[in-house]
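Visitor: Hi! Could you walk me through this one in plain terms?
Guide: Happy to, let's look at it together.

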Amino acid sequence: MSEVVTILFPSDPGSERLRELQGDLRVLEGFAGAGTEQTRSAGIAELAMWVGFAADALGLVSAATETLGKIAEKVRGRGIRGAVIELPSGVRISIDSASPDDIQKLVSAWQVEKAQWSPRGPGGE
Amino acid sequence: MAPDDPASIDHARKRAMARFEEGEIPEALAELTRLIDAPAADRGARSRQALYYLRLDRATVLRRANRWDEAMADLDEAERLIDGLAPLFQDMCRGSVAHARALILGDPANPGADPTRCLGELARIRRSGFAVLECAADDLESRLAHRAGDWTTAAALARRAAASLDDQGWPAAAATCRRREAEALLGRGDVDGAEAALDAARRHFDRFGTPLDLAHAELVRARILSARHAHDEAWHCTLDALARFDHLIHRFSVLSEQQAFLRDKLERYAEAFAVALAAGGDTGCLRAWSVAERSKSFYLCQLLASGSVALFEGVDPARLRAFEEAGDTLDRLDAQLGRLSRDDREGEPGQQLIARLHDASREKARALESLMRADPRWARVNVPGELDVGRELARMPGGWSLMSYYWEGTGGGAESGGGREPGRLHVFWTDGSSRPCHTVTEWAPQDLELLRASRTRLTGRVPRGATLVPEALGALILPPEVCGSIPEGSRLLVSPHGLLQMLPIHAVVIDSQDFAAGRWAIQYLPTLALLPLARQSNAPDPVLLIGCEQDGFGDRPLPDVPGELRALEEVWSEPPARPVTRHLVPRDGTPDAAGAEVGRWGGFGVLHVACHGDLPADRPFDASLRLGSSSVRSSDFFGIRLDGAIVTLSACSLGRHAEGARDRAVMADEWIGLCLPLLYAGARCVVASTWEAFSEPAARFMRALHAALKRGDDPADAVRWAQDRTASEIPFPAAWANWYPVGVPAGPPGRR
């Protein structure tokens, strides 16, 4: 697993639905793992699910755009509203409103930043 | 009781100003404030004149304490009083107020400086037609030229002002102008001229100069000697000047007041650094390294030097009650805020509550400052001694290397410092033979931009897959000569500075291959000046494990916490077992109700707290550990004594510290948050997270950390091992690099 994106849920979708979503995501190309995560921060914390992929699944802009689009479909398919996908750069993509073009632009920017921040280092592969 | 007749008020004012001249700034301010606040009988123009002078003088003291807004408010009040004074007197007074305003508006250290308004006030001064104010205008223009680096104009105007001031019988002001002339000539490279001007200034200062005048003049002397390559003499002058500055800085017992005073003093330390470094070789390296470390964490150092004084002992019970009540109000408001729905929280009800919360926080801060001010021994009973890095190197326990950073220029690039843009980073370190080494890395604007972006990203929620420190910055932070000379497996004690604060240097990638944490066990220390202040510790055996799964503040449950505490209890109970106390505080409980009130934490050698944590960026002393329905706050630790305990905070972001607190000038190098009071209380090492800790990885990390501590590992080694274990299970640095240890290394008896 070398790339991880995070799905952030503004309200708790319920553990059952999260488990189902996790199952849905398994079929994605390059899927390497997923799990819910919570921080120890005070205040209203977003519930989050991380989704890990093999490097090549998100390595190219086209592949990453397609994968993220499919994640959005799966989330919407479970009737979850208001969720966002967070890229490792911290950029957030609204699942409800982002178009494929929007996703592509954000992914392109992320890939440029990735090359600048971590061209060869650990986790950068 | 304050006098109420004009003559007595005038006498008391002059006495207060004499204290100011002696460098007793807090005392002078307290006295002038007492006189201003006392209800005086209105005896017409004479009373108003006395009040006018009080306001004008307090504005001067406040300006020299760098409390510019308060100084401006006093000048506004002084100006209002002028209308009631004798007509002949009024123009002169207006000119004096304009001059005082212009000094504030033209001060580059003042975030509210306004050159346009400053020039407007300058024009008013020139129009007044009074000869002494004409000199003051020359003086002011000389300052402006000096700050713009126009040395020729600065020197000429300062010389002219000095001559006129001398003619009119103002020798102190003339001497200050001559010192500035010396600095300007030095800037122009005219060392002989600088020396002559300084000698003329010192003829006055040596007999009548204030401590600040003497300190500043001594430093100019050091710079002149350095320019003549008389490095040892220059160093002696530098030490003398720094001792004088230190003495003035350490007079402040209230943190925010001291930090305000420091704003422009760091520039002097930067000048001292340049003088020290100019000596070259190991000598120059050690001297400059010492100056760099002396210019960090002034308040923390004086707190530790006065570590035997507990803030809450013997204080006025009414003040203490006000402080405690403010804390209770904060808890209540935090809990109310937590019970709001997301929509309400983001809407008007939430905004109203947040406004009340800020009011309560201000009230608590005022109560805390009042406690600090009222205790004459607080942070002042002992003054930290002079740091000599060479001496500390000789005393370091085996296996440790030291590394310090220092941004050239002022303010260290901290966002709150108002300093120049940093561009050169000095790196000091010891190699495998404990030899001092020094290098400089040059930072281009885009590197600094990348560094700032990285710092911004490493705040709050850090995405699991995030790259933490851009690889392009690796060689600037850990240059090859550093990496090549510190043996792998060493423990590395790092003192960061300015923009490098809170950056996980252990997560810097070296040679595109490995994290720094893979090579060395890295521990952090706010400044090496804390090394000689470390107390002999004798940490008790008992272990306290306290946590909260569901607090009363509406935070999400933390299902990993009970298991984490149980796992740690097992670790510490293995033979040879240490006495363990475990408390899981329920939603409506408190540490007190559980029999684990903070006042008793001093009886434990290991303290572990697992819960939600909160560190409001603009309210660092409200940083809290949420345990049940109450918060253990940062400021609570000022009231306890920890005898060398290791403190592990399994919560979010509590390893952060403030870079600017509300409207106060709080420097990043003071580590104001939980670290400052915990180190003051006597913690040997604090392990905390600099961003939001993922709950489940936190539990794994802590289990590994405590297992290593139990087997006797040094905290730095234990953290490194726990980071490594966590990384092997969760291969993303965001899940392990958030943890870092802070503290003074312990060594074999007799070494430290």
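**How the chains meet**

Guide: Chain A gives 27 residues to the contact and chain B gives 35; two residues are in contact if their C-beta atoms, placed from the backbone, lie within 7 Å. This is a predicted model, in which local features need pLDDT of at least 70 and side-chain atom pairs count only at pLDDT 80 or more, while totals for chains, interfaces and linings use all residues. Residues are numbered from 1 along each chain as its sequence is written, with chains lettered from A and ligands numbered from 1 in the order in which they are written.

Visitor: Which elements give two or more residues to the side of chain A that touches chain B?
Guide: Those are β1 (3-9) and α4 (100-117) of chain A. β1(A) gives the most, with four residues. Helices (H or I, at least four residues) and strands (E, at least two) are DSSP runs, numbered from the N terminus.

Visitor: And how do the residues on that side of chain A divide by class?
Guide: Eleven are nonpolar, eleven polar and five charged. Here Ala, Val, Leu, Ile, Met, Phe, Trp, Tyr, Cys and Pro count as nonpolar, Asp, Glu, Lys and Arg as charged, and the others, Gly among them, as polar.

Visitor: Staying in chain A, what order do the five strands of the open sheet take?
Guide: The order is β2-β3-β1-β4-β5, with antiparallel pairing. Two strands pair if DSSP finds at least two bridges between them. β2 (31-37) and β5 (92-94) of chain A are the edge strands, each pairing on one side only. From one strand to the next, the twist averages 20°.

Visitor: How many bridges join β1(A) to β4(A)?
Guide: Three, and the two strands run antiparallel; β4 of chain A covers residues 84-86. For A:Leu8, the bridge partner in β4(A) is A:Val84. Helix α3 (residues 61-77) of chain A packs on the sheet, where α3 touches β1, β3 (47-53), β4 and β5 of chain A, and its direction makes about 145° with that of β4(A). Axes are lines fitted to C-alpha atoms, for helices over the stretch in contact, and angles run from 0 to 180 degrees between N-to-C directions.

Visitor: Over to chain B. Which domains does the assignment give?
Guide: Domain 1 (317-374), domain 2 (389-530) and domain 3 (531-743). Those bounds come from an automatic or database domain assignment. The C-alpha centres of domain 1 and domain 3 of chain B lie 23 Å apart. Their contact takes ten residues from domain 1 of chain B and twelve from domain 3 of chain B.

Visitor: What gives the largest share on the domain 1 side?
Guide: α17(B), with seven residues. The elements giving two or more residues there are α17 (317-339) and α19 (348-374) of chain B.

Visitor: Now helices. What angle do α11(B) and α12(B) pack at?
Guide: About 160°, with the axes of α11 (residues 211-227) and α12 (residues 231-249) of chain B 8 Å apart.

Visitor: So what do we call that pair?
Guide: α11(B) and α12(B) are therefore roughly antiparallel. Angles under 35 degrees count as roughly parallel, over 145 as roughly antiparallel, 65 to 115 as roughly perpendicular and the rest as oblique. The crossing of α11(B) and α12(B) is left-handed, meaning that the near helix is turned anticlockwise from the far one by less than a right angle, with clockwise giving right-handed.

Visitor: And how does α9(B) sit against α11(B), at what angle?
Guide: About 25°, with the axes of α11(B) and α9 (residues 171-188) of chain B 11 Å apart. These two are therefore roughly parallel. Residues of α9(B) in the contact include B:Thr176 and B:Leu186, and those of α11(B) include B:Asp213 and B:Ile224.

Visitor: One more: which hand is the crossing of α27(B) and α28(B), left or right?
Guide: That crossing is right-handed. Its residues divide into eleven nonpolar, one polar and four charged.
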